[in-house]
Amino acid sequence: MCSCSNTSAFAWAGFVIINGALIGIIGLLGGSSWVAAFVLTLLYALALLAAAFFLERRIGATDDGSDGDEDDAALKGVVAVIYVLFVAALGTSGSILTANLFICGWSGGNFGGGGGGGSGGTYLEWVPLEGVPADILDLRTPTYPEYAYFSSSATTWFASPRSEGGGEFSPNSFVHATSGGAPPVPVALPVDDDPTAGLKDPYRFVAVSGGGACLVANGQNIYCSSAGTGSDVRMANVPPPGVTRVSNMKVSSDGGAVLWFTGYADSRTYGVIYYSVDVATMETALWSKLSQTTNGDDDADETDDTDCRSPSSIRKSAAAVLLLVILPIAASSFALYVGRDVPSMPLPLYLAATAGVVVSYVLVDTEATHVEGVLKWWLTGAGAALLAVLAYLSLAGRIAPAAMGWGSFTASVSYTIGICWVVRIFTGWDDEWRWILINTICILPLVGAGLMLGEVFLINLGAIGLIFDAIYISTKIPSNQIITRFLFLALFGVLIIVLGVFLQKQSKSIREKVDRWAAANLGRRRQSTYASIPTMSGDGVE
């Protein structure tokens, strides 16, 4: 027996450690010099390519039919992963170049005709306007109380799960009110909002002048009340543009019924955004402006962000991503798959195609109005189509087992993510029809395709879906019957095991029937479906 299997095991561990270290070094360099990070990423990509070539020569030199071939097969899997890392490094180098030379507002891209970035790079920053009180500018994260007390009505607000009846409680917290020892009741919203919604997931309780209080609830909305009754709850017109999350809130020490709050900026900008809310009218006012700041130049002029969000600027950035990131990934993946039979290339090639679809859409619609719909339908349709094509190629014997494994992994994951997104299975968890539909068009077909094609990953993906089925069905059992829930889950697990044993016994017969059908109707005999380890065979067919 050859003990070479130890080599492949330690090779995996070594590559994980080396890659983690190099990625960390590149990340550190990127914070100080993008040019150094770009050069190092290119060198890293070349080193990965050299390592892949070296291992391929080693495998070819020992491929003599001995017991060591089993270990060589494992090393072929390592080589396939190295090629994926090479393509990823190539794309990362293009991303660094694109971000620092062409993406507006990143680091000296197309602001004012600027070029090379470097120490004179520019970025977008929110700066406060004149008139923001000093104590608000120095606002740090205070300790917020867990409740709000209204002195005029002796009412206390606090957060608690809401009773849904029958001993069930909501998974989210809602604002409840109590006064004079009365049982707590959920605080309702005015009729012109949603009277059944309540104030969900509240935080940042802040007392305001006049004995009232304000808080953030229902996402990023700010609500205020004077007496703690549901009828006088008022909502400010937030979240305002540019704020992804309300951060700190405080009433300024200079007096007045004005609530100040800060917000986190979106990922393309820096700095703190200051807003104020007039508690009497619930009108918000912006007290920050978006400006351009140049690194290394404290006296740089600040200009409004007009060019950066223009359609021409967005299209320029999108075109740069397409040409310098997506196309190199696609071209290198295609070349490696066709020229060197690298079985793992369907994964980066498909990812490049997906990114290409999104970027192409942005080139047409710079506002990206329907980008979510484009992406989810692409993942669903392209994943299903790719899986169908791969199934034909596998049955016809025109694709190597290793390439089929990588391809079916890519297609099935894409289709599963896309169809769950389209059906909204997790946001509509309680709807029975969504679960019936997802089982009909996703979970059961994946199990069936896995059995017919001999692809274990498809069966495993379907089995994960069955686990979610079990969890969903168990939630229909009342929470006061917790023992029944656990007993049901245990029984469901036993049934899945029994089903797995049955399918294992029938799998050989199923594949033989599928092979006979393929030989009679597709003209070629398919390859063995048991070759699950990635291979680098010459023509990819037996």
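The exercises below, each with a worked solution, concern a predicted model.

**Exercise 1. Ser93**

Decide whether Ser93 is buried or exposed, and find which residues it is in contact with.

Solution. 
- Step 1: Locate the residue. Ser93 belongs to helix α3, which covers residues 68-101.
- Step 2: Apply the cut-off. Buried means under 20% relative accessible area. Ser93 has 4% relative accessibility, so it counts as buried.
- Step 3: Look for a polar partner of the side chain. A polar atom of the Ser93 side chain lies 2.6 Å from the backbone oxygen of Leu90.
- Step 4: List the contacts, leaving aside neighbours within four places in sequence. Ser93 is then in contact with Phe38, Thr41 and Leu42.

**Exercise 2. Ala37**

Solution. 
- Step 1: Ala37 is part of helix α2.

**Exercise 3. Helices α6 and α8**

Describe how the axes of α6 and α8 cross, and which residues meet.

Solution. 
- Step 1: Recall what is needed. A pair of packed helices is described by the angle between the axes and the distance between them.
- Step 2: The axes of α6 (residues 346-364) and α8 (residues 401-423) come within 8 Å and cross at roughly 35°.
- Step 3: Name the residues. From α6, Pro346, Leu347 and Tyr350 meet Ala403, Trp406, Gly407, Phe409, Thr410 and Ser414 of α8.
- Step 4: Sort them by class. This contact of α6 with α8 has six nonpolar, three polar and no charged residues.

**Exercise 4. Strand β8**

Find how many residues of β8 are buried, and which strands are joined to β8.

Solution. 
- Step 1: Count. In β8 (residues 221-225), five of the five residues are buried.
- Step 2: Separate the faces. Side chains in a regular strand alternate between the two faces of the sheet. In β8, Asn221, Tyr223 and Ser225 are buried on one side, and Ile222 and Cys224 on the other.
- Step 3: Take one partner strand. β7 (residues 212-217) runs antiparallel to β8 and is joined to it by five bridges. Cys214 stands opposite Cys224.
- Step 4: Take another partner strand. Two bridges join β8 to β9 (residues 234-235), again antiparallel. Here the bridge partner of Cys224 is Arg234.

**Exercise 5. The largest nonpolar core**

Which residues have the most contacts inside the largest nonpolar core, and which helix gives the most to it?

Solution. 
- Step 1: Describe the core. It has 34 residues, and Tyr83, Phe86, Leu336 and Met345 have the most contacts inside it.
- Step 2: Name the helices. α2, α3, α5 and α6 each supply at least two residues.
- Step 3: Pick out the main contributor. α3 gives the most, with 11 residues.
- Step 4: Note the other core. It lies apart and has 28 residues, including Ala396 and Met404.

**Exercise 6. Positive phi**

Give the phi values and locations of Asp341 and Arg424.

Solution. 
- Step 1: Most residues other than glycine have a negative phi.
- Step 2: Take Asp341. Its phi is positive, about 55°, and it sits in the loop between α5 and α6.
- Step 3: Take Arg424. Its phi is positive, about 60°, and it lies in the loop between α8 and α9.

Note on methods:
Residues numbered from 1 in each chain as written. Predicted model: local features only at pLDDT ≥ 70, side-chain atom pairs only at ≥ 80, totals over all residues. Heavy atoms only, no water. Helix = DSSP H or I, 4+ residues; strand = E, 2+ residues; numbered from the N terminus. Buried < 20%, exposed > 50% of the residue type's maximum accessible area, 1.4 Å probe, protein only. Polar contact = N/O pair within 3.5 Å; in protein donor to acceptor, adjacent residues only side chain to side chain. Contact = heavy atoms within 4.5 Å. Axes fitted to C-alpha atoms, helices over the stretch in contact; angles between N-to-C directions. Nonpolar A, V, L, I, M, F, W, Y, C, P; charged D, E, K, R; others polar. Pairing = 2+ DSSP bridges. Core = buried A, V, L, I, M, F, W, Y, C linked by side-chain atoms within 4.5 Å.
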